Amino acid sequence: MTSTPPDDADRKGPTTVQDTPASARQAPGPEPKPAPDMAAMAASAPAEPSRTTPSPAATQPGATEPDPRAAAGEAVAAARVLARQLGILAAGAARSGGRRGRSVMGRLAAGSAAAGATLAARLRTKPAPADVPTPRSGTGSAPPPATGRRRQVPFAVGMACAVTAFAIAGYLLWILATLPPLGGVVTENERRAITVEADDGRVFATRGVFQGQKLVAADLPPHLAQAIIAIEDRRFYSHWGVDPRGLARAIWRNLSSGGVREGASTITQQYVRLTSLTQEKTLRRKLQEAILALRAESQMTKQEILLGYLNTAYFGAGAYGVDAAARRYFGKPAKTLTLPESAMLAGLVRAPSQLSPTRNFGGAKERADVVLQTMVETGAITTAEADKARAETITLRTPPETPPGTNFFLDVVAADAKRLADTTGDVTVRTTLNLDLQSLAEGIVARRLDAEGVKKKASQAAMVVMSKDGAILAMVGGRDYEESQFNRATQAKRQPGSLFKLFVYLTAYEKGYTPETVLVDRPIQIGEWEPQNSNNRFRGAVPLRSAFALSINTIAAQIADEVGIPAVIETARQLGVQSDLPNLPSLALGSAEVTLLEMTRAYTGVLANRTGLESFGVHAIRGGTPQPLYLRPEPKAGVPLPGESRTMMLDSLQAVVDGGTGKAARVANIPVGGKTGTTQDYRDAWFVGLTPDLVVGVWVGNDDNTSMNKVSGGDLPAAIFRDFVERASAQMAKARKRPSAARAQPAPAAAPPSTPASADLRGVPEVIDTGTLAFRGRVVRLLGVEGEGGALARQLARYLRRREVTCAAPPEPAAGTPGTVRCQIDGDDLASLILAAGGGRAGEDAPADLLAAEEQARSERAGLWRRER
């Protein structure tokens, strides 16, 4: 057969090799005649709507079609162009992806070119027109004509396949071109970890990211490696980075369970994800993870991969790397971990935040048991070794959780630690915080606001407790740190009102005034300013002691005008006020904005008889070396206040509490001085009080600066001060350690009852509520406990199950009411246990030790206080 040139074939129209009779294709013949004009044939043919007359030329034995090899040649040429373009893309990707990327992309380009050539060759063969039917070979009848829709289907399918193949090839090339290098993610070393200790050395908080030491092969405990491999990647030593068997198993289990129950990432894949990729959940990241895992296996040993994984994995509680986790949870380096400790750490990597032992010790222990069982299944340990490990007690070296209320203080300490010792390593900070006083302060603030806040339209409060040397012993920056991290003790600047009069009177005493000096309370005008008293009345001649105690505004304005506002500002600066103080007459009445910490520090300077007193929260900072990074130096001797002026000032401060605006702050048997402050429209209420050992500053108000319901400094703030000092003095005198709800330790009673003399109430009681028990039908109420029912009562019942409770013989109760008793269980006071765990509220008859237990539970958000934030 003589082939028709491609150009002639294009001119002849859409004929195909299938339209040529079989006889014409099998034997050579004479040169074919040109095909008749199709339009002329249609014009001369009889019109029959229901059928199409076949073309004579189409049935002639000598009729021929274009050679399919010519069409294939054109397709090959087009495929070569496509291959060249893919080659260009592959070359660019190879330059950035490395030698392996070049080989992969070259093969991909070649495969794409071959597939494109085959597909194009098929597509170049065109179907016959619908009006030129071709009879079947060996028969005399012609098939029904093909429709236009049927001619287009193969072409559309072929084009879709081509586009899809090209898109897949381009996507793979893009993944290879953007493949990062191994180890491209660098840990931020600046995010150091801080372990915070109280003033007595108790660790109560941690912050930041623990880095620990890089583990080397010589320090890797065998059982730690076995535990990680058993629970994370059993075939670690047999696969080549990607485990097809594990992938198939995970897919099957996930499909059969109807959800994601098991992952398929190997330890190698997890390692390259941690060190080279982000944590985004995309197909691109997953494919890159698999490619990098293959590369890691070709460049690193299994031991290097395992160590790299252990040094970078996250184990919860801010610990990155197994050594950091060992030090964080157990207080020891990783090389000294025991088998049960190793099993617990191995179980954390799957869900570190959820299973962190400091947050969920029970869940972490259950997961450790699963790891031990898996080690038995893999032959790493025997059943006896697993049983022995399960029986061992695991002791944590850190507190379960940071007490929420201490976070205001921790924010201050973290900033100070960075300023005092700017190092990248993990540090331990010994602070000035007294955990007992801190817990007491939080509980009293919460208790007062809960009881009176709504009625008096007061939603927030702050407190600072300071020793005579400026050490911050306690700090409450707001009602709830979890709701608002804004520290109202250090960040909020408010007008102090009459609290600022300390500087006015102290300046006057230094310039010759005395508490007996008499001035006249009368209407005055200084420039355009006309100060008024809070009651809009005038008292006439008043000595300065009484004027200060009663907070008379007109006399304070007269004094400031006579001694000069600049002199008042200088006194405030000497006592530690750093805020902007404008040179205005109204400054005498506290029109400038200051912080509670500044004012508390200034009053502490008066008590300590020192100017330039600095408040501080850090005693020492230690790093990884024996030499401390920071030790607080001995304070420089400040200039003392003039002896007579300080004495007169302390006398005036005591007059405020004895018979002035601060009478609500009086404490029995303790000398107390202080000053109230109230701003216009009752927006702010202050009280700063002094005892021989402490200075306590209190502010009450609203964050939106709205008015309270006539709350003055002598109201809520003075009451909070009194509640705190009454109990803090007793605590400090007895050096009594506060119980911890987190550790389930009871508060020691003020006078712990000994074994009851009359033990007629002894046995396992029935729990009616958490404050009411029944012994063989006799109902008694625990002294100082307002009981709760529901879940808390059921928890108490489970706790008391099969445990004997002994109660003192109750007094004869009134008819119809249960007797009130103090009970013990295993030597601990039961009421203290219940209140310290948040199982009830302290009643009106609760003694000081039970109130302390309740406040501890409040500060730690234990029990019922967790839901009443």
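How many bridges join E14 to strand E15, and which way do the two run? Three bridges join E14 to E15 (residues 772-775), and the strands run antiparallel.

Before I go on, hello everyone, and a word on where this comes from. This is a predicted model, so local features need pLDDT of at least 70 and side-chain atom pairs count only at pLDDT 80 or more, while totals for chains, interfaces and linings use all residues. Residues are numbered from 1 along each chain as its sequence is written, and side-chain values use heavy atoms, with hydrogens and water left out.

Back to the sheet. Helices (H or I, at least four residues) and strands (E, at least two) are DSSP runs numbered from the N terminus, and two strands pair if DSSP finds at least two bridges between them. In general, strands of a sheet pair through backbone hydrogen bonds, either parallel or antiparallel. Here, four strands make an open sheet, ordered E14-E15-E16-E19, with mixed pairing. Its edges are E14 (766-769) and E19 (819-821), each pairing on one side only. From one strand to the next, the twist averages 40°; angles run from 0 to 180 degrees between N-to-C directions, with axes fitted to C-alpha atoms, for helices over the stretch in contact. Helix H27 (residues 790-800) lies across E14 and E15, at about 160° to E14; contact here means heavy atoms within 4.5 Å.

Now, salt bridges. I mean a side-chain nitrogen of Lys or Arg within 4 Å of a carboxyl oxygen of Asp or Glu. The whole structure has 34 of them. Take Glu 197, whose salt bridge with Arg 430 has its closest N and O atoms 2.7 Å apart. Glu 197 lies in strand E1 (residues 194-197) and Arg 430 in strand E3 (residues 427-431), so this pair ties together parts 233 residues apart in sequence. Glu 197 also meets Arg 622 in a salt bridge, at 3.1 Å from N to O. Arg 622 sits in strand E8 (residues 618-622), 425 residues from Glu 197.

And is Glu 197 buried or exposed? Buried, at 8% relative accessible area, where buried is under 20%, exposed over 50% and partly exposed in between, with a 1.4 Å probe and protein chains only. Both arginines are partly exposed: Arg 430 at 26% and Arg 622 at 31%.

Finally, a local pair: Asp 369 and Lys 365 form a salt bridge at 3.3 Å. They are four residues apart in helix H16 (residues 361-377), so about one helical turn separates them.
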